[in-house]
Amino acid sequence: MKNNRFVSALVRFMDGEVSFEPKAKEEEIRRESTHKEKTVAERYYKWYEKSGYQTFKSAYIVAAVLIASIIIGALLLTVSYLPPYGEYANPVNNEVTERYIEKGMEETGAVNIVAGVILDYRAFDTFGESCVLFVASCSVMMLMKKGKKGKTEEMLENYNPKRDPVLKSLAKVLVPFNLMLGIYVVLNGHLSPGGGFSGGAIMGASLILFSSAFGYRKVRPILTEKVIKIVTFVSLTFYAVAKGYSFFTGANHLHSIINPGTPGRIISAGLILPLNIAVGFVVTMTMYSFYALFTKEEI
Amino acid sequence: MPFIANFPFFCILITMFGGILTSMVNNKWAFRINTVIITATLVLNGTLLMFLIKDPQYFTYMMGHYPAPWGNEIRFGPLEALMGTVFSFVTLFSLISGKTEIFEDVKTKNIHYFYIMINLLLSSLFALVYTNDLFTAYVFVEINTIAACAIVMAKENGKTLAATMRYLIMSLLGSGLFLLSIVLVYGITGQLLMVPAHEAIVKLFQTGSYQVPLTVVLGLVCVAMAIKSALFPFHTWLSHAHGSATTASSAILSGLVLKGYIIMLIKIIVRVVGLDIVVQLKAVNILFVMAVLAMIVGSVKAIQENHIKRMIAFSSVAQMGYIYLGIGLGNMAGLIAACFHIIVHAITKPMLFSSAGGLASASHHKKDWGHLRGAAYRNPLAAVAFLIGSLSMIGIPFFAGFGAKYYLSMAAMDMGAKMWVALFALAVSTVLNALYYIRAIAVIFSKNEGEIIEKHKNSASYAFAMVIFIIVNVALGLFYQPVMDVITIGMGLLI
């Protein structure tokens with residue numbers, strides 16, 4: 001019995017029925033009327049109500065600015081200790097860059113060294129990057145997309161542009177050229193500066209321009225949520241399978257059927273061209289779906 | 001190279017592909033595919049671990065056709081395989097135990113997105129554990145950040161959205177600092193892979209050039225990882241994010257996501273910079289101070305909490321302090337003890353969160369002490385799991401937590417002034433831990449007078465997962481020596 005009483009007393013204490021927290025207001029007023037002397041806690045409480053909050057807030061702002069400027073100063077100071085820009089003797093000019101520059105074209109078949117590095121030498125990172133886009137677009141879908149009973153056609157109509165002749169006539173001229181440029185940048189990613197990420201961004205931008213000039217109804221027949229899902233899925237699956245094969249053969253020193261081909265040709269550089277196309281699709285779809293979701297919460 | 005050396009790569013690839021595949025299926029299939037894939041990774045990692053225990057060695061696995069300084073690479077030994085196994089195990093059983101709640105808490109349209117995020121999160125954790133490349137680590141840190149925020153957000157209500165916002169901002173700050181430090185490492189060494197970067201850093205340290213950037217790099221990495229893994233004073237996001245998310249998310253976030261970054265930090269300390277250089281540059285002392293404060297502040301905050309999940313979340317802050325204490329000691333024994341505590345916390349905290357979820361669902365989903373009183377009689381299994389988890393966290397012998405505290409205090413011996421501080425902090429923190437966990441136990445085990453007890457029916461999957469968690473916890477408490485041996489061998493091969 002004694003034990004039980006002890007436990008229940010302990011529980012009551014732990015439950016907060018007996019607590020050290022500052023008392024609630026009514027109690028405080030009652031206390032004040034009986035005792036003229038104020039405890040430290042009450043004084044603090046009153047001060048906090050009256051001016052403490054403002055004081056803390058301004059102190060917080062001052063401290064934030066101070067800490068941020070100290071960190072900025074420290075980092076700027078660090079920059080002055082770094083190797084000078086563009087010197088030949090810098091640590092970055094070592095055997096790594098040497099091989100990329102001298103043997104890159106021969107080994108990967110890509111005239112554009114950057115494409116060779118990101119899609120062949122360090123393709124695992126790029127696979128991670130395209131998955132970053134995928135995971136980002138999935139989280140935006142999760143957050144922004146409303147359920148099935150979303151918007152009716154009339155409500156969607158509100159998001160359509162008002163009659164804007166300047167935008168429309170400019171878009172008419174710009175969209176085809178932009179799309180063409182995007183496709184060119186993707187397809188020539190291994191030959192000239194560009195590639196999946198930049199080309200995809202151009203294509204995505206032109207889709208956004210088209211959609212904002214002519215309205216969602218014109219986009220819907222070709223770009224629905226399903227299409228976006230399928231295209232992303234197919235592109236990423238292709239990337240995973242193709243690069244998985246390449247990693248597997250590389251690590252196990254097996255013969256790979258992928259060869260660099262003749263550098264400079266459009267069909268060359270092994271997997272780089274198809275991977276660029278896959279990345280291009282993922283980037284285009286992600287950009288467009290971001291735009292659509294953020295403007296009308298639906299694709 | 002034996003075929004078994006492909007397993008880590010398969011784990012990363014199938015979890016990644018699982019995420020991509022899940023985007024095309026409905027919610028039921030998402031759960032099924034997810035379970036199959038995570039079970040597969042558990043089998044793969046477990047097999048690899050068995051193989052590496054029998055024959056301790058490390059493998060360097062080229063990702064592609066180009067060797068070390070040019071192409072990407074993953075590298076693994078017993079320690080990495082052990083961590084991979086623990087990660088798959090914890091994810092699998094957290095999801096199984098939290099399945100009912102996931103389907104209740106998360107909106108129907110979002111459930112398959114939730115599973116996509118889990119898959120990608122696990123894949124990024126594997127990549128963080130196995131990678132041998134700093135930039136790959138950064139890419140997967142990005143995936144990890146977004147996916148972790150998304151699984152907090154999945155339970156869409158005001159609280160979780162606000163918590164996600166805090167978490168996102170802090171987490172992005174951490175990612176940014178980590179990226180800066182990688183840029184600085186590349187600027188002064190010209191290398192991104194860990195082993196060549198280590199060689200270059202040792203050379204720089206001996207010649208005495210670029211000392212300032214090197215110190216800044218270490219500081220940035222430590223702060224970045226401390227933000228990511230909620231070390232005091234960067235812990236403010238944790239209680240909100242872990243306290244308000246759905247149970248499975250909280251379990252995975254505190255059990256695994258925090259740990260992925262700590263393992264990354266240990267790898268950077270041991271493999272990239274080298275432990276003796278880190279000790280000479282005094283970076284560990286900062287971690288030591290923050291760890292000691294975290295151990296005490298986290299516990300005090302947990303005592304003040306009135307909400308069971310937030311209490312467990314603040315307990316995580318204290319436990320992160322323990323792990324960083326091991327790192328902050330700056331010796332090999334400390335790092336080994338930290339690794340052991342990572343495993344202990346990774347299997348105990350998900351159990352605590354799941355059991356708290358079970359207790360709450362037996363108490364009308366209310367999570368404050370008033371409503372939880374007598375919950376043990378309504379849901380005995382969850383209460384037993386909570387009891388064992390608490391005892392383990394306090395550090396009672398025969399439960400997992402005991403070994404960790406024992407090895408941490410052993411590692412603190414012979415460290416001069418650090419020894420006294422560490423032992424004092426361990427003692428104080430243990431007493432504070434006991435204070436809030438015993439309160440919780442007392443509340444849930446004390447009957448309301450005159451209450452008619454309605455037994456809460458646990459789903460079979462929940463019961464199964466809890467039993468497995470309990471068995472593993474007790475097993476680790478009884479047989480910690482073999483695990484320590486694996487970690488010790490693995491740590492030796494990590495360099």
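**How far does helix α11 (residues 225–251) of chain A reach from its first C-alpha to its last?**

The 27 residues of α11(A) reach 38 Å, close to the 39 Å expected at 1.5 Å a residue. The expected span is 1.5 Å times one less than the number of residues in the helix. Helices here are DSSP runs of H or I with at least four residues, strands are DSSP runs of E with at least two, and both are numbered from the N terminus.

## Before you start

This is a predicted model, in which local features need pLDDT of at least 70, side-chain atom pairs count only at pLDDT 80 or more, and totals for chains, interfaces and linings use all residues. Residues are numbered from 1 along each chain as its sequence is written, while chains are lettered from A and ligands numbered from 1 in the order in which they are written.

## Chain A overall

Chain A contains 12 helices and 0 strands. Of its 299 residues, 29% are buried, a term that calls for 20 or more other C-beta atoms within 10 Å of a residue's own; exposed means 12 or fewer, partly exposed is in between, and C-beta atoms are placed from the backbone. Among the contacts in chain A with a separation of 6 or more, 73% join residues 24 or more positions apart. Two residues are in contact if their C-beta atoms, placed from the backbone, lie within 7 Å.

The average pLDDT of chain A is 80, and 81% of the residues score at least 70; pLDDT is the predictor's confidence in each residue, from 0 to 100. Take care with residues 19–23 of chain A, where pLDDT stays under 50 and the model has 3 contacts beyond four places in sequence.

## Two helices of chain A

Back to α11(A): its buried residues include I228(A), T232(A), S235(A), Y239(A), K243(A) and F247(A). In general, an α-helix has 3.6 residues a turn, so residues three or four places apart point the same way. The buried residues of α11(A) pack against α6 and α12 (272–296) of chain A, together with α1 and β1 of chain B. Just after α11(A) comes H253(A), with a positive phi of about 55°.

Helix α6 (residues 123–144) of chain A has 22 residues that should span 32 Å at 1.5 Å a residue, and its end C-alpha atoms are 32 Å apart, which agrees. This helix is mostly covered, with 17 of its 22 residues buried.

## Where the chains meet

The contact between the chains takes 49 residues from chain A and 52 from chain B. Several elements of chain B each supply at least two residues to the side that touches chain A, among them α1 (7–22), β1, α5 (134–153) and α19 (417–445). The largest share, 10 residues, comes from α5(B). By class, this side of chain B has 34 nonpolar, 15 polar and 3 charged residues. Ala, Val, Leu, Ile, Met, Phe, Trp, Tyr, Cys and Pro count as nonpolar, Asp, Glu, Lys and Arg as charged, and the others, Gly among them, as polar.

## A strand pair in chain B

Strand β1 (residues 59–63) of chain B pairs with β2(B) in the antiparallel sense over 5 bridges; pairing requires that DSSP finds at least two bridges between the strands. In this arrangement, M63(B) stands opposite N72(B). Because 5 of the 5 residues of β2(B) are buried, this strand is largely enclosed by the rest of the structure. N72(B), I74(B) and F76(B) point one way from β2(B), while E73(B) and R75(B) point the other way.

I74(B) belongs to β2, residues 72–76 of chain B, and is buried, with 25 other C-beta atoms within 10 Å. Beyond its neighbours within four places in sequence, I74(B) is in contact with residues including P8(B), F9(B), Y61(B) and Y130(B).

A nonpolar core is a set of buried Ala, Val, Leu, Ile, Met, Phe, Trp, Tyr and Cys residues joined through C-beta atoms within 7 Å. The largest has 260 residues, and those with the most contacts inside it are I151(B), A294(B) and C339(B). Helix α10 (residues 247–273) of chain B gives the largest share of this core, 18 residues.

Most residues other than glycine have a negative phi, and most peptide bonds are trans. The bond from F232(B) to P233(B) is cis, with omega near 0°, and P233(B) lies in the loop between α8 and α9 (236–244) of chain B. K282(B) has a positive phi near 65° and is partly exposed, with 13 other C-beta atoms within 10 Å. D414(B) has a positive phi near 60° and is exposed, with 10 other C-beta atoms within 10 Å.
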